[in-house]
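Dear colleague,

Please find the structure below, handed over for your own work. A summary of what was found in it comes after.

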Amino acid sequence: MKLLRTVLFCAALNLPSTSIADSHGPEIERVPAQSLIEDLIVGFSAPAPAESERPLLPLGLALIKHFEGWFPSLYDDPAGYCTIGYGHLIAKALCRNTDTSEFNNGLTKKQGETLLLKDTGSARRGVQSLVTVELNAAQFGALTSFVFNVGRGNFASSTLLKHLNRGDYDGAAGQFHRWVRAGNKVLPGLQRRRGCEAALFNGALDFGADGTFDAARCVQLGAVPTDADLIDITVGEGN
């Protein structure tokens, strides 16, 4: 796991803390999904295991879509990776140095959601294979969002997983809020995401009255505490 974290850290050394609007992408703060970087560099996504991937509940998918952001055209993310849609990584290279013919006409939202469901496959399989206790749909959705963002390798060696596999669900829920650093900086976008994931994990989250995902509400439900022992998602716990 230490080698994996080193590889992922080196891949994200140039990660800035600013919005990726500067690279003509979504007007939100986000970092590349570490699960997708693992797929590109390490190959966790293949071969697929025999067991089927557990589906995501709509609220869990909506959470991931919100924090990944939507952009139907090609753009270069903060790490210099060619990206499209809901944070789909096409290659670990700039778009101008990549064969983008498959995506040159852009994506519809339906196509983007199909790609996102495929992209979350590694995260879902990681949760299924690493967690040894029962998970309800909300807990599985929250953990899928978390693993998609921080990576399967980081999850495998996390205190969060240790608490969870001991049956300490409350202790596991309290670990989400530690994973809010990237590029050696605390990012408000990660703080909001962790709050929403914690709220979903605890069963305190639902769609808004109009049937849409309400990030402001779930951040309030999963309020982020002040904690000096914070973790950088590009490096992992204990580094």
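This is a predicted model: local features need pLDDT of at least 70, side-chain atom pairs count only at pLDDT 80 or more; totals for chains, interfaces and linings use all residues.

Residues are numbered from 1 along each chain as its sequence is written, and side-chain values use heavy atoms, with hydrogens and water left out.

Overall composition

The chain has 11 helices and 5 strands; these are DSSP runs numbered from the N terminus, helices being H or I of at least four residues and strands E of at least two. Of its 239 residues, 51% are buried. Here buried means under 20% relative accessible area, exposed over 50%, and partly exposed in between, with a 1.4 Å probe and protein chains only. Among contacts (heavy atoms within 4.5 Å) with a separation of 6 or more, 67% join residues 24 or more positions apart.

Nonpolar cores

A nonpolar core is taken as a set of buried Ala, Val, Leu, Ile, Met, Phe, Trp, Tyr and Cys residues joined through side-chain atoms within 4.5 Å. The largest such core holds 51 residues, and L143 and F213 touch the most other members. At least two residues of this core come from each of α2 (34-41), α3 (58-68), α5 (121-130), α6 (137-150), α8 (159-165), α9 (169-173), α10 (188-201) and α11 (215-221). The largest contribution, 8 residues, is that of α6. Beyond its neighbours within four places in sequence, L143 contacts V127, V131, L135, F155, L160, L164, F176 and F201. Another core of 7 residues lies apart from it, with C82, I90, F103 and L107 among them.

As for α2, 6 of its 8 residues are buried, namely Q34, S35, L36, I37, E38 and D39.

Helix packing

Two packed helices are described by the angle between their axes and the distance between the axes. Axes are lines fitted to C-alpha atoms, for helices over the stretch in contact, with angles from 0 to 180 degrees between N-to-C directions.

The axes of α6 and α10 come within 7 Å and cross at roughly 155°. The two helices are therefore roughly antiparallel, a label for angles over 145 degrees. The crossing is left-handed, that is, the near helix is turned anticlockwise from the far one by less than a right angle. On the α6 side the contact includes A138, L143 and F146, and on the α10 side it includes L190, R193 and F201. By class, its residues are 9 nonpolar, 4 polar and 3 charged. Ala, Val, Leu, Ile, Met, Phe, Trp, Tyr, Cys and Pro count as nonpolar, Asp, Glu, Lys and Arg as charged, and the others, Gly among them, as polar.

The axes of α3 and α6 come within 9 Å and cross at roughly 30°, so α3 is roughly parallel to α6, the term for angles under 35 degrees. This crossing is right-handed, the clockwise case. Here L63, I64 and E68 of α3 meet T144, S145 and F148 of α6, giving 3 nonpolar, 2 polar and 1 charged residues.

Two loop residues

Most residues other than glycine have a negative phi. In N184, phi is positive, near 70°. N184 sits in the loop between β4 (181-182) and β5 (185-186) and is exposed, at 59% relative accessibility.

T108, in the loop between β3 (88-91) and α4 (109-119), is partly exposed at 43%. Its C-alpha atom is separated by 9.6 Å from that of F71, 37 residues apart along the chain.

With kind regards

Methods:
Angles under 35 degrees count as roughly parallel, over 145 as roughly antiparallel, 65 to 115 as roughly perpendicular and the rest as oblique.
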